[in-house]
Amino acid sequence: MNVLSPLQWMFYLAALLAIVASLKVITGKNSVHSLLYLVVSLLAVAVCFYLMGAPFAAGLEVIVYAGAILVLFVFAIMMFGLGKDETLNAPKITSFRVWIGPSVIAALLLAQLVYVIDSPDIQDKLTSNVINAKQVGALLYGPYLLAVEIASFLLLAGLIAGYHFAKPTGYHDNNNSGGW
Amino acid sequence: MIEILFKLLEILLIIALLIPIAAMLVWVERRMIGIWQNRLGPNRVGPLGILQSVADLLKILGKEDWVPPFSERTVFVLAPVIGAVCVLMSFAVMPFSPTIGVSDLNIGLLFFLAMASLAVYSVVLAGWASNSKYALLGGMRAAAQTVSYEVFMGLSVMGVVLLTGSFNLREIVLAQQEGWLIETQFVGFIIFLIAGIAESHRLPFDLPEAETELTAGFHTEYSGLKFALFFLGEYLGVTLISAMSVVLFFGGWLMPEPLASWLPPLVWFILKVFFFVLFFILLRTSLPRPRFDQLLSFGWKYMLPLALLNLLVTAALKLGGVIYA
């Protein structure tokens with residue numbers, strides 16, 4: 001058994017934190033607390049990314065997921081006044097059958113994950129070098145340009161839908177001089 | 001091992017200097033506003049009133065640290081800490097002088113943006129955990145405002161990244177030896193400054209805590225040490241945005257040659273930062289507060305297109321070889 005280096009210790013600590021925080025997300029009853037654990041989990045994953053030699057991905061993980069998307073989640077929860085005990089509104093799960101589908105999918109993913117972690121090819125790639133922002137950009141706008149374009153189409157569709165929902169329709173909206 | 005100790009000492013020293021600076025800014029602000037408004041301001045405690053902050057601090061520490069029984073206790077206590085920690089963390093990537101600076105992180109600028117975006121949680125959670133209407137409204141305003149202005153802040157500094165080809169703040173400063181980036185990135189700087197004011201929710205963009213509408217907004221229920229932490233976060237935020245403007249657009253510690261040899265680089269850096277802090281205070285005294293919907297529509301209708309245009313023009317000019325860092 002070889003001794004772990006301090007960086008490896010940090011990695012496993014962050015990974016453990018991510019797992020524990022993720023568990024707290026799904027076991028918690030208070031939705032805001034769950035969301036906060038999700039933020040912690042994302043931050044821990046960002047640390048993992050950083051330690052694996054992907055600082056740019058780590059930065060984006062924090063800015064986009066923890067800093068923007070989850071803030072919107074919290075915003076929505078605050079707006080709808082949720083938070084106390086959300087299990088009261090949840091559908092009651094009575095039969096065992098509903099667990100079959102998710103369990104199969106989760107088991108498949110777990111098997112895949114174990115296989116990937118075990119394969120020496122991946123180990124080699126992970127420990128090889130640091131990927132900087134320039135390399136990520138060159139890949140995004142080179143080989144993966146089509147994926148970027150498709151993703152942007154998806155976002156455009158979301159934008160149009162959002163505009164459609166927010167568009168003033170009723171007469172009382174027209175009296176409103178402000179321009180939301 | 002000895003290197004790590006030195007690093008820890010440097011971190012401690014920077015924190016130990018930043019917190020008193022934030023406290024002193026309260027006095028500077030009140031005093032300068034007083035002078036600009038043709039009054040005296042606090043001038044009783046110590047020479048020129050310079051010990052006013054100490055008196056305020058003692059007073060605030062002596063207050064009862066009350067947690068309202070109707071609040072969500074854990075989150076209520078956590079919220080001010082998040083704010084202060086996030087702002088302090090941003091200083092970790094700040095290059096103060098050629099030799100001083102905690103970390104030369106290769107994604108320094110992204111780290112700053114990330115910490116700025118995490119700082120929202122402080123205000124939003126404070127508003128939610130207080131379990132009171134005013135605080136909740138303040139928190140919601142803060143969330144909308146900060147998430148919106150974050151976008152323009154990120155876009156406005158991309159011009160700088162484009163020209164210097166780096167996210168590393170030290171490299172960005174060193175790339176400005178021929179000339180500060182403000183020469184070509186003036187529009188970017190203006191957008192960054194406006195977004196910075198909105199991010200640190202200072203007047204005129206202090207709608208989350210607008211006292212005429214929301215008593216004290218998100219920190220309505222806070223008192224004592226926890227309130228002091230919010231205050232600390234706000235004044236450190238002002239310092240941070242000023243320091244960031246200096247690093248990104250005004251050459252950090254660099255100065256043109258005859259001036260550079262007069263004072264050490266660190267002093268030049270501090271002087272420049274102080275200039276912007278004063279500018280922030282002057283803005284507070286002179287501008288009225290916009291309405292909340294005006295603030296948001298101004299952001300999305302003017303700032304966003306302007307930031308994108310700035311990025312586009314910068315990229316085109318750089319590609320054409322007209323400008324370079």
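Start by selecting G299(B): with 21 C-beta neighbours inside 10 Å, this glycine counts as buried. The cut-offs here are 20 or more other C-beta atoms within 10 Å for buried, 12 or fewer for exposed, and partly exposed in between, with C-beta atoms placed from the backbone. G299(B) sits in helix 13 (residues 292–319) of chain B. Helices are DSSP runs of H or I, at least four residues long, strands are E runs of at least two, and both are numbered from the N terminus.

Now show what surrounds that glycine. Setting aside neighbours within four places in sequence, G299(B) is in contact with S148(B), Y149(B), F152(B) and L304(B). Contact means that the C-beta atoms, placed from the backbone, lie within 7 Å. Draw a distance from G299(B) to F152(B): their C-alpha atoms are 8.0 Å apart, although 147 residues separate the two along the chain.

Before going further, some housekeeping. This is a predicted model, in which local features need pLDDT of at least 70 and side-chain atom pairs count only at pLDDT 80 or more, while totals for chains, interfaces and linings use all residues. Residues are numbered from 1 along each chain as its sequence is written, and chains are lettered from A and ligands numbered from 1 in the order in which they are written.

**Colour by confidence**

Switch to pLDDT colouring, the predictor's confidence in each residue from 0 to 100. Chain B averages 84, with 99% of its residues scoring at least 70. For chain A the mean is 80, and 81% of the residues reach 70 or more. The model as a whole scores ipTM 0.80 and pTM 0.84.

**Chain B as a whole**

Chain B has 13 helices and 0 strands. Its radius of gyration, taken over C-alpha atoms, is 20 Å, close to the 20 Å that the globule rule gives for 325 residues, so chain B is as compact as a globular protein of that length. That rule is 2.2 Å times the number of residues to the power 0.38. Along the principal axes, the C-alpha atoms of chain B fill a box of roughly 60 × 50 × 45 Å. Of its 325 residues, 49% count as buried.

**Into the core**

Bring chain A back. Which residues touch the most other members of the largest nonpolar core? In this set of 127 residues, they are A46(A), L118(B), V120(B), V124(B), V247(B) and L248(B). Helix 10 (residues 224–249) of chain B gives the most to this core, with 16 residues. A nonpolar core is a set of buried Ala, Val, Leu, Ile, Met, Phe, Trp, Tyr and Cys residues joined through C-beta atoms within 7 Å. Zoom in on V247(B): beyond its neighbours within four places in sequence, its contacts are M94(B), P95(B), L169(B), I172(B), V173(B) and G252(B).

**Across to chain A**

At the interface, 20 residues of chain A are in contact with 21 residues of chain B. Select helix 3 (residues 55–79) of chain A, which gives the most to the side of chain A that touches chain B, with 14 residues. That side divides into 15 nonpolar residues, 5 polar and no charged. Here Ala, Val, Leu, Ile, Met, Phe, Trp, Tyr, Cys and Pro count as nonpolar, Asp, Glu, Lys and Arg as charged, and the others, Gly among them, as polar.

Chain A itself comes to 8 helices and 0 strands. Buried residues make up 18% of its 180 residues.

**Last stop: an exposed pair**

Back in chain B, select P20(B), in helix 1 (residues 2–36). P20(B) counts as exposed, with 12 C-beta neighbours inside 10 Å. Then pick N38(B), in the loop between helix 1 and helix 2 (52–62) of chain B. With 6 C-beta neighbours inside 10 Å, N38(B) also counts as exposed. Check its backbone too: phi of N38(B) is near 65°, a positive value in a residue other than glycine. Most residues other than glycine have a negative phi.

Definitions and conventions. Two residues are in contact if their C-beta atoms, placed from the backbone, lie within 7 Å.
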